[in-house]
Structure formats: structure tokens, C-alpha cells
Amino acid sequence: MFVTLRSPGDLDEVARELQGLGVWTERVEGPSGTVALFLRADSSRVARERLEAIEGVAGVWQSPSAHPRLDALAGRAVAIARRTSSSALLGPGAAAILASGPCSVESEAQILEAARLARRAGAVLLRGGAFKPRSSPYSFAGHGKSALSWLRAAADETGLGVVTEVMSEADVEAVAEVADVIQVGSRNMQAFALLRAVGRANKPVFLKRGMAATVEEWLLAAEHLLVAGAAGVVLCERGLRGFDPATRNLLDLGSVALVAHVLGLPVVVDPSHAAGRRDLVLPLARAALAAGAHGLLIECHPRPAQAMSDGPQALDEDALLALSHSCGFGTRGAER
Ligand code: PEP
Ligand code: MN
């Protein structure tokens with residue numbers, strides 16, 4: 001529930017009055033600079049008439065939505081800081097962007113080579129995993145903290161921002177130190193304690209859709225991040241668990257059109273994990289942009305055949321440059 005004010009100057013007085021009634025509030029700003037007070041759910045229940053009677057209160061508004069904080073961000077792009085170049089905007093009103101990199105950060109040399117490749121392809125964000133969610137406990141699960149510093153150094157040298165996944169609450173601090181955007185993976189979309197810990201890091205978050213999650217569950221997971229303090233949420237569609245193994249996942253572009261065009265929220269698409277095979281990445285990438293995606297996550301590798309994870313879907317340099325050209329990301333030609 002929100003309390004709107006006659007004038008922004010009434011804010012402190014109204015908040016104090018409400019506190020006296022046992023109602024805890026948070027200041028919220030609307031898209032056009034309007035200020036309101038959000039009534040926290042753990043407050044005492046007070047009759048609507050009593051709230052309306054407080055001096056300075058213009059109205060009491062009950063949001064019909066279960067994710068009011070997310071709704072309040074509609075129409076706004078998320079600002080993503082980068083350390084050695086200007087910040088990037090991702091979302092409604094901003095040009096679509098490319099985030100690319102290898103599935104796993106394999107070595108200092110490999111991630112630098114991949115970062116240069118991503119930059120040549122016009123990427124603004126370098127995406128690579130230090131902590132990898134793997135179905136088998138015997139698969140390579142990332143180099144952990146040492147990979148984080150290699151990732152940061154490669155991004156800084158190439159002027160890119162860093163996107164990387166965190167899987168455990170215990171690693172949030174270390175990941176937040178190097179990441180410009182923290183990724184929450186599909187398998188953890190409803191790991192609520194992790195969402196809270198990631199939100200507290202106060203960074204923008206790429207929230208992958210759970211492979212069997214409804215759109216509403218995805219939006220509620222984003223609300224968890226925002227309640228805890230996330231600086232913004234970008235929803236990431238990566239395909240749902242389908243019945244047909246011909247493609248690894250079923251890429252739900254209807255949800256992308258819904259999020260981008262109806263809800264007006266930032267959304268990116270990961271055709272690499274959706275397809276699981278490199279020959280489908282380009283057509284799905286183009287389809288995602290046509291559906292309204294504000295950006296793409298594309299896995300690339302300097303030598304896909306040698307990748308320690310997800311090699312079959314990784315694009316090599318020529319394929320990434322071709323995708324970038326085809327999607328209008330603006331390649332940087334022969335720059336090394
Ligand atoms: C990934 O992005 O590296 C990944 C494992 O993807 P997802 O969580 O979508 O499966
Ligand atoms: Mn991968």
C-alpha cells in the first residue's frame with residue numbers, strides 16, 4: 001500500500017505520524033519524480049480512513065500488483081557502471097546491447113583473449129563464469145575466486161563491464177567486489193535467501209528465468225531482489241524445459257514480448273543456453289531482438305572445441321562477428 005502526499009515537504013511529518021501508529025514506511029520515487037510512502041507489510045494494520053485523515057496525505061493507494069517495486073521501474077533502463085569506460089544503459093529507451101564471453105573463465109590468458117574478441121564484436125559487457133552451476137558433480141565447476149580477478153582484469157583492459165554468476169550466499173561479497181552486474185542463474189531463481197543476499201549487495205542483477213517458472217514467479221523473484229536493495233533488475237529469458245531434445249530448451253519469446261512491450265521492464269535473452277547448439281544462436285538472437293529484447297547474452301570462446309564447458313554452443317570469432325553485424329551491435333573491425 002502507498003500513501004501519496006499533498007506536497008513532498010509533508011514527507012517527514014507524515015512518516016512520523018505513521019510511525020506513531022506502528023506503520024513503517026519507505027520513501028519511494030515515481031518515474032516523474034513524484035514522492036510517496038510505501039507501507040511495509042510488517043507494519044500494524046490501520047484503517048484506510050485513519051490513514052486518509054492524516055494531515056498532508058493526499059490519498060491511499062493499494063497496488064493491485066504483488067510486485068509494486070518492480071512495476072515502479074517500468075519504462076526505465078538500468079544503468080550499469082563499468083570501471084574503465086562510461087556506464088552503459090540497458091532497458092526501455094536504450095539501444096540493445098551485447099554481453100558476451102565464455103561459459104567459464106578458464107585461465108587469465110583465455111579470458112583476456114575472449115574479452116578482446118567480445119569487444120571487437122561490439123559487446124559492452126564481458127560475461128564469464130567463475131562459479132558454474134553444473135548438473136553433474138564431476139563436471140568442471142569453475143575456478144572460483146581466482147577466476148574473478150582474471151575476469152575483472154580482462155574487462156578493465158578492454159573497457160567492458162563484468163557480468164558473472166553467484167551461486168552461494170557465501171560468495172556474494174567476493175562476486176560483488178568485481179561484478180558490475182551480478183547474475184542469478186536459472187536454477188537459483190527461487191533461492192530466496194540467495195536473492196536477498198544478492199539484493200543487499202546493491203548492484204544491478206541479471207535474473208535468469210527458472211526453467212519451469214511462470215512469468216509471475218520470475219517477477220516476484222525480481223521483487224525479492226529489489227526489496228533487499230538491488231540497484232536494478234534485468235530479466236533474462238533463457239528457455240524453458242520442454243519435451244523435445246532437438247533444442248536444449250524452449251525459448252519463450254512470448255514472455256520477452258510481454259515483459260518488454262506490455263510491462264515495459266528491461267529484458268535480455270540468452271539464445272546460447274536456450275539452443276545448446278551454435279547453429280541456432282544467430283537466428284534466435286535475431287528473433288529475440290525482434291520480440292523486444294534489450295540485449296543478448298552470447299557465449300563465445302577463442303577455441304570452442306577446447307572449451308571446458310558448453311563448447312557446442314560457443315561461437316568462435318567469425319561467428320560472433322557475424323552475429324554482431326547481423327544484429328547491428330557495431331563491430332570494432334580489426335581492433336586488437
Ligand atoms: C549460464 O549462464 O552460464 C548458465 C548456466 O545459464 P542458466 O542458468 O540459464 O542455465
Ligand atoms: Mn554456459
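## A strand and its neighbours

Strand S11, helix H8 (residues 215–228) and strand S12 together form a right-handed β-α-β unit. Right-handed here describes a path that, with the strands pointing away from the viewer, runs clockwise from the first strand over the helix to the second. Helices (H or I, at least four residues) and strands (E, at least two) are DSSP runs, numbered from the N terminus. Before going on, please note that this is a predicted model, in which local features need pLDDT of at least 70 and side-chain atom pairs count only at pLDDT 80 or more, while totals for chains, interfaces and linings use all residues. Residues are numbered from 1 along each chain as its sequence is written, chains are lettered from A and ligands numbered from 1 in the order in which they are written, and side-chain values use heavy atoms, with hydrogens and water left out.

S11 and S12 (residues 232–237) pair in the parallel sense over 5 bridges; two strands count as paired if DSSP finds at least two bridges between them. In this pairing, Leu207 stands opposite Leu235 of S12. S11 also pairs in the parallel sense with strand S10 (residues 181–184), this time over 3 bridges. There, Leu207 is the bridge partner of Val184. The chain gets from S10 to S11 through helix H7 (residues 192–200), and this β-α-β crossover is right-handed too.

How many of the residues of S11 (204–208) are buried? The count is 5 of 5, so the strand is mostly covered; buried means under 20% relative accessible area, exposed over 50%, and partly exposed in between (1.4 Å probe, protein chains only).

In a regular strand the side chains alternate between the two faces of the sheet. In S11, Pro204, Phe206 and Lys208 point one way, while Val205 and Leu207 point the other way.

## Gln313, a buried loop residue

Gln313 sits in the loop between strand S14 (295–299) and helix H12 (317–327). Is Gln313 buried or exposed? Gln313 counts as buried because its relative accessibility is 1%.

The side chain of Gln313 makes a polar contact of 2.6 Å with that of Arg248 and another of 3.3 Å with that of His273. Leaving out residues up to four places away in sequence, Gln313 touches several residues, among them Ser272, Val281 and Glu299; contact means heavy atoms within 4.5 Å.

## Ser43, another loop residue

Ser43 belongs to the loop between strand S3 (35–39) and helix H2 (48–52). With 12% relative accessibility, Ser43 counts as buried. A polar atom of the Ser43 side chain lies 2.7 Å from the backbone nitrogen of Trp24, and one lies 2.9 Å from the backbone oxygen of Arg40.

Definitions and conventions. Polar contact = N/O pair within 3.5 Å; in protein donor to acceptor, adjacent residues only side chain to side chain.
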